[in-house]
Structures are given as structure tokens and as C-alpha cells.
Amino acid sequence: MKTKSPTSVSTRRDFIQKSALAGAGFMIMPSGSLFGAGAASNRLNIALIGSYGRAKAHYGTLHKENVVAICDVSQTNLAFAMKEFPKAKVYSDWRKCLDHPGIDAVLCCTPDHHHAFISNWALNRDLHIYMEKPLGITVNEARTVRETYLTKKGKLATQVGMQRHAYDNFSRLREMIHDGAIGNLKDVHVWGNRKIPKPGYLPAAGTPPDSLNYDLWLGPSPEHPYNPGYFISSLGPGSGCLSWNMYWDFGIGQMGDMGSHTMDLVWNVIDARLPDSVKSTSSEAFNPDVTPVELTCTYMFPKNDWREKIRVIWYQGGAMPKSPSKWLDLNKIGHGAMFKGDKGFVIADFKNRMLYPSGKDVDLTYYHPRGKDLVAPSMGNFQEQWTKACKSGDPSATACNFEYSANMIETMCLGLAAFRAGGSLDYDSVHGQFTNNAAANQYLTKSYRSGWTMNG
Ligand SMILES: NC(=O)c1ccc[n+]([C@@H]2O[C@H](COP(=O)([O-])OP(=O)(O)OC[C@H]3O[C@@H](n4cnc5c(N)ncnc54)[C@H](O)[C@@H]3O)[C@@H](O)[C@H]2O)c1
């Protein structure tokens, strides 16, 4: 039985009680529902925003909870989702959906240009949130979401949709490198080969179908005329994001697309926060409409408590690192990473890894693989790690929370800013500013349509 919807003020008050009650073996969610042993209900009240396309991959998890509200700008897609969750109330504007009474949590699968907005709005309303990747599309968006999240870290469970993180290979890679398989870590090379070249924004073509609220689809993005090419798949089967994510106002190309997954392979190992310098190169000139296909970004990260400073190099769209051996054709790995230490290399993709000792005295005596009892257990279902964290009283117990993920995507966006600015940029990560090129700071943010507030 679900507790009746409280007012928003009492919701927040109930929520604060959660920490105190957790020790007593049960807790109260924002909606007022009870969780834990003896609780009448163990289901979250969830609002699903962006209901088709990628959202279908979450239907299984959502069926284990209560989907009480669904928001989509496409009536066609909404109708599809309503067959799955017929009891939900429907919305087309996520700003209204987030005020649906009694929701505990939000799962969001909209296009990328809404992500930072919806993340902030949800956190500001004390709602747990699972956000599809990428968490934001500018440095400023990433920083704002992280800042909002850090004020709620002990209360709200967050997860960014980097679900490959649940593959055991992620933990094994981390363990190998931390246990000394390649000696001292020096460089990391990480790449993706997906290419979606586009000349520029699409020209005006026709009018939006009655079933689509194009104005809300644009949302905070600056105005662009309608063209069905942006919707090749979202009004039908397939993955719609590849129709719009390379345009600056809607996404960040491969940085946010496959880059979110592939950089995660590295991020999970290196315990980095933010780089202190970045330099990008490309064979392409800057195009104000579309993100580059081919790009190389070199980041320097300061040392931490287990390693010296390291260099991380991101390659996309055909740019590739040099192979350490003529036996190894790195081009056969579409999306992968290569960790270089002073005793060799570990090369990996999402599910596989190989150790290549190289250099002097590489007898592996320096490598001390941890005992079985210290190997990280399997994570289990990635989405359900989040739903469990929403209920458990340990809300930060998710692998890709908004601090981890904001740091990662801020780093990626810094590479794009450096591509636009040119040259090598020194970055003050505390203040979020380039220190040796003031003009480059304009690329840390972007303009939005009036009437849309990112941190509302
Ligand atoms: N984690 C992964 O492996 C993975 C895979 C594919 C896509 N994604 C991410 O999922 C997101 C959605 O991708 P997609 O391919 O499903 O895109 P899509 O264009 O098909 O859109 C998804 C849904 O959101 C709806 N939508 C669009 N604008 C909206 C708005 N303002 N409010 C509410 N609903 C809105 C669309 O009508 C559609 O139903 C992207 O951010 C993408 O990066 C993640």
C-alpha cells in the first residue's frame, strides 16, 4: 500500500528523517512510503522522462517499481510506454512532471541537451535520479550538477547510465593496475572509432507532426528549424541519439556517446578528479554546427596517493595510439584503452584485457595479485544498484554517481573546449577556469533559450 502523497514541504521533512530511521531497520522515502523489514511497500514511485528509445532498456527495472508519471514530447512514444505502465499520469513538459505529487525518483532518457537541467531540477526537489549518459554537455553543466549533487550526497542516490561499468572486467582492470601488473602507471590511451560525419545543422524541412511537441524537444537549446532528420528513430524503432548527438546544441558527439562508456574503463582505474592541463588536435577545422569526428585530447592529471602524475590521451574518429608491438593491431579494438606503466602495458576493451610486460626486468616479481578474498564481487544489475541505493539508506553506494560522472564528463568537455580554443590550456579545476588563455573560457559554457533555467 502506497502512503498518500504528502505536500512537498512535508515530503522533504520526511526525507530528512530517513537517516535517523535507517539505523532502526526501516526508513521513509520522500513520498512517505516505508522501506525495509516489515514495510508495507518496497517500491519506488518513479517518473520516467523520455519514455522510448533507450528507455526500453530500463522497462525491466521499472516494472519492479511503481511508474507513476511518464513524460515524453512524442505522443507516439508516450502511447508505446503507456502500454507498459498504464497507471502512470502523462506529461509532455518535464518541468511539470517533476512536480508530480509523491514521486521518489526520476529515470531520464531524454536527449543530452536536457540532462544537466533535469538532473539539477530533480536534485533540487530531493528526488533520486538515474540519468542516461552524458550527464552534461558543457564544463559548466557538469560543474553545476556536481555542485548541486554534493549538497545532497548523503540523501539522494544518483547513477549515470554507464551500465557497462557492471562488467567484471572493469574491476579486474583496476585490480591489475593497482596491484602492480605494469609497474608505475605513466600514460593511458583510450579510444573510440565511431564516426558520424555531418556537414551542419539540418535545413528547415516540413512541419513537426501533430504528435510531436518540437518546442519542448528543443527545450533549452537555441532555436533550430524542424527537420525530420533529427528524429529518424525516435518516432520509430532504433536508437534516436545517433540522429542528433553530434550537433553542439544537442550533444557532444562521441565524447558523450561511446566516450562516456570507454572513458569509464579508465576513470574506474585512475582515481582522478580533474586535469590540470589539456590540449586537443584534429585534422578538422572547428565547425560551429557539429562536433569533430576525428579528435585527440591530451590531459595531464596531478598525482594522487598511489600514483605519480599521469597523461591520459583520448582518441576518436580514426585517431589512434601507436601499438606497443607489431604483433598487436589496436585498430581491431573498436573502443578500448591501453594503460602504460614502466613495466609494460594492459590493453582492454569492455569485456577483455591482456597484459603485455615490456621493458627491462619485466619478470613479474613486482606484481602481487590480490588474494581471492580481496577481489571485488560482481556488481550485479547496474540499474538495480541504483534502485537499491534509493531504498537502502546508503545513497552514495552507486558506481557512477554524479560526482564520479560529472568529473569524467567535465574532463571530456574540457577536451572539446581546447579543440575550439587551440593550444595547450592550463586548467584551474577549483575555479573552473583556464588560466593561460582567458578567451578560451567562453567555451566552457553555451547559450540557452530564454525561459529555461539550468539549476531551477
Ligand atoms: N547507456 C547507453 O548505453 C545508451 C544507449 C543509447 C542511448 N543512450 C542515451 O539515452 C538518451 C536517449 O537516447 P535515445 O536514442 O533513446 O534518443 P531518442 O531521440 O530516441 O529520445 C528518447 C526519448 O525521449 C523523448 N524525448 C525527447 N525530448 C524529450 C523531452 N524534452 N522531454 C521528454 N521526452 C523527450 C523522445 O521522444 C524519445 O521517446 C541519450 O542521452 C543517449 O545518450 C544511452
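Modeller: The buried residues of helix α6 pack against α5 (115–124), β8 (158–160) and α11 (402–421). Buried means that 20 or more other C-beta atoms lie within 10 Å of a residue's own; exposed means 12 or fewer, partly exposed is in between, and C-beta atoms are placed from the backbone. Helices (H or I, at least four residues) and strands (E, at least two) are DSSP runs, numbered from the N terminus.

This is a predicted model, in which local features need pLDDT of at least 70 and side-chain atom pairs count only at pLDDT 80 or more, while totals for chains, interfaces and linings use all residues. Residues are numbered from 1 along each chain as its sequence is written.

α6 covers residues 139–150, twelve in number, and its first and last C-alpha are 16 Å apart. That is close to the expected 16 Å, the expected span being 1.5 Å times one less than the number of residues. Nine of the twelve residues are buried: V139, E141, A142, R143, T144, V145, R146, T148 and Y149.

β8, one of the packing partners of α6, belongs to an open sheet of six strands in the order β5-β4-β3-β6-β7-β8, with parallel pairing. Strands pair if DSSP finds at least two bridges between them. β8 and β5 (89–91) stand at the edges with a single partner strand each, so one side of each has no neighbour in the sheet. On average, neighbouring strands are turned by 20° against each other, direction ignored. Helix α10 (residues 382–392) also packs on this sheet, touching β6 (105–108), β7 (128–131) and β8, and its direction makes about 170° with that of β7. For such angles, axes are lines fitted to C-alpha atoms, for helices over the stretch in contact, and values run from 0 to 180 degrees between N-to-C directions.

The chain's mean pLDDT is 91, and 89% of its residues reach 70 or more. Over residues 1–28, however, pLDDT stays under 50, and the model has 46 contacts there beyond four places in sequence; a contact requires C-beta atoms, placed from the backbone, within 7 Å. Residues 36–40 are also below 50, with ten contacts beyond near neighbours in sequence. Where pLDDT is low, the predicted coordinates should not be read in detail.

Key
Contact = placed C-beta atoms within 7 Å. pLDDT = per-residue confidence, 0-100.
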